[in-house]
Each structure stands twice: as C-alpha cells, then as structure tokens.
Amino acid sequence: MKRRLITSIFLAVLYVGLILPAIAFNAIFYDVLVLIFMFTASYEMMHVIEAKFASAMKPCVYAQVVVGYVAFRVSNWAGRGNWGISASFASLIVMIVISFIITMFNKKYSMANVISTLFILIYPLGLLSYLLAVNYVGEAYREAGILFVFGATSLIDSMALFVGSAIKGKKLAPQVSPNKTISGAIGGLIGGILSGIIIYVLMNARFLGMEPIMATPLENLLLYTAIGLGVSVACQSGDLIASYIKRYCAVKDYSNFLPGHGGFMDRIDGVLVAGIFVFGFFAIFKLF
C-alpha cells in the first residue's frame, strides 16, 4: 500500500508538472508526457506480447515513436493543425512496409515478428497519437479536452472503484477482469457525468482560460455532460481491453515500472481510448 501511494504521488506530480505548463506556457510539455507514455507503453506491450507470441521488432517500434511524432508536428505546422493524425498514421504504414522489407533480407525475423510489430504500432502507439492530437484540437477545445482526458478519467476510475467496493454484486466481465463489477461500471458512468458537470463549472469560472462552446449555459451543460458520459464508456472499455490482452498472454503485470500499479499501461489503459473519443468528438464538432 505504501509503495502504491508513493507511486500515485509520483504520477500526480508528473501529470500536473507537465500538463499545467503545457496549458500555461508551451504545448511541448504535454507532448513530452505523451512521448513518455509512448516509449513506456510500447516497451510494456512488447514485454506482454512476447510472452505468448513472437517478439516485436523493437527498432521499428521505437523508431516509429520518434518518426511518428516528427511527422505529426511538421504536418500540424504546415497544415495549421489539420494533418497531424494523418501524417502520424502515414508514417506508421511506412514503418510496417519497412518491417516487411527487413524480414525479407534478415533471417533473424519472420512474418510472426512483423505481425507482433504491427500490433504494437497500432496498440498502443496508434491510439496514443490521438492523445497527442488532443493537444492540437483547437483553441476553443484544447483545455477542456485535456481535462476530460486526464481529469475525467481519474474521477471515473475512482468512482468505479469506490462504488464497486461498497456495493459489490454481479461481476462485469469475470473472465477478463475478476474484480470489476456491474455496480462499479455504473459508478464509473456516474463519475463521467460528474466530471462533465465539474468541467462545465470550471469553464464558467474561465479556469485555464476556457471559453463556452455552445450559445447558452444549458447547451454547454448538456454538451459537457454528454462528453463526460462518453469518456466514461471509452475509459472503462480501454481498461477491459488492456486487461484482456494481459490475461490472454498470461502475464500478471505489464511491467514493474510503477510499483503497486502493474506498469504504465495499467494507469493509462483508459486514457488510451478516452483520447480517441475526446479528439474525435471535438474534431467532428468543429465541422458543425
């Protein structure tokens, strides 16, 4: 318990220490946080995958972290924030092609290695590209997006744990995650709604310079509540996906990077999918 508490404090300091300067001064601080996620999560996922399948081609995976980020930033700059995701996935496809070519000429690798590499490039790296994109989704949406991705997911996890531990009851998906209950999932949904309301209140107070998105207070409240609910569904789905992969590969923890937590992936599994939802929601919302 003591180690878990110390690790939680470390994570809180890491998040606040990079997210607040990103909002107040320069977006690069947020990017550094996502790059940390990319390197650690890809390392952990390779560790889990190779416990049951062929090893991923590590040079290709780590190269994609760097090349994908550079492609994202350059394209965002050239296209004024509209092409980062496209460029990131274009570099990912190029890296897949390169991994095929390497396999043709290097007997050390086989098609099985390429398949494992492809999986890692998509999950978690491809998903984390959307988390990066939240930082560039637009001036009117950026701060709220970051709060939903990190603040809302934290409240959702806490509410799910609190309600699930207090009420218990029928298991949600016992073969995937034996500790998760239906009551906990409902608690997570309540946490999502609460997070939307809290972020709405912060927006009204112009916290971090946030501005209203809709024309009226009621429209803004309904919008933020809907986003919070969607983030909850995405967050809990991401948690189950990561648990399923870990159990399928018969691995207890993703790594020992974070004592008491089971690795970075156990801390950001919900954030991975929540980032896709938040970016997608605001990107589509901007069109209208």
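A charge sits over a ring if NZ of Lys or CZ of Arg is within 6 Å of the ring centre and within 35 degrees of the ring normal. The model is predicted: local features need pLDDT of at least 70, side-chain atom pairs count only at pLDDT 80 or more, and totals for chains, interfaces and linings use all residues. Residues are numbered from 1 along each chain as its sequence is written, and side-chain values use heavy atoms, without hydrogens and water.

**Exercise 1.** Find the ring under the charged end of Lys52.

Solution. Take the ring of Tyr248. Its centre is 5.2 Å from the charged end of Lys52.

**Exercise 2.** Classify the ring pair Phe37 and Phe150.

Solution.
- Rule: rings of Phe, Tyr and Trp (its six-membered ring) pair if their centres lie within 6.5 Å; planes under 30 degrees apart are stacked, over 60 edge-to-face, the rest tilted.
- Apply: the centres are 6.3 Å apart and the planes stand at 35°, so the pair is tilted.
- Locate: Phe37 lies in helix α2 (residues 28-49) and Phe150 in helix α6 (residues 142-167), 113 residues apart. Helices are DSSP runs (H or I, at least four residues), numbered from the N terminus.
- Cover: Phe37 and Phe150 are both buried, that is, under 20% relative accessible area (1.4 Å probe, protein chains only).
- Extend: Tyr15, Tyr30, Phe37, Phe150 and Phe264 form one aromatic cluster.

**Exercise 3.** Classify the pair Phe89 and Tyr130.

Solution.
- Geometry: 5.7 Å centre to centre and 55° between the planes, a tilted pair.
- Location: Phe89 is in helix α4 (residues 84-105), Tyr130 in helix α5 (residues 111-133).
- Cover: partly exposed runs between buried and exposed, the latter over 50%. Phe89 is partly exposed at 26%. Tyr130 is too, at 22%.

Conventions:
Helices (H or I, at least four residues) and strands (E, at least two) are DSSP runs, numbered from the N terminus.
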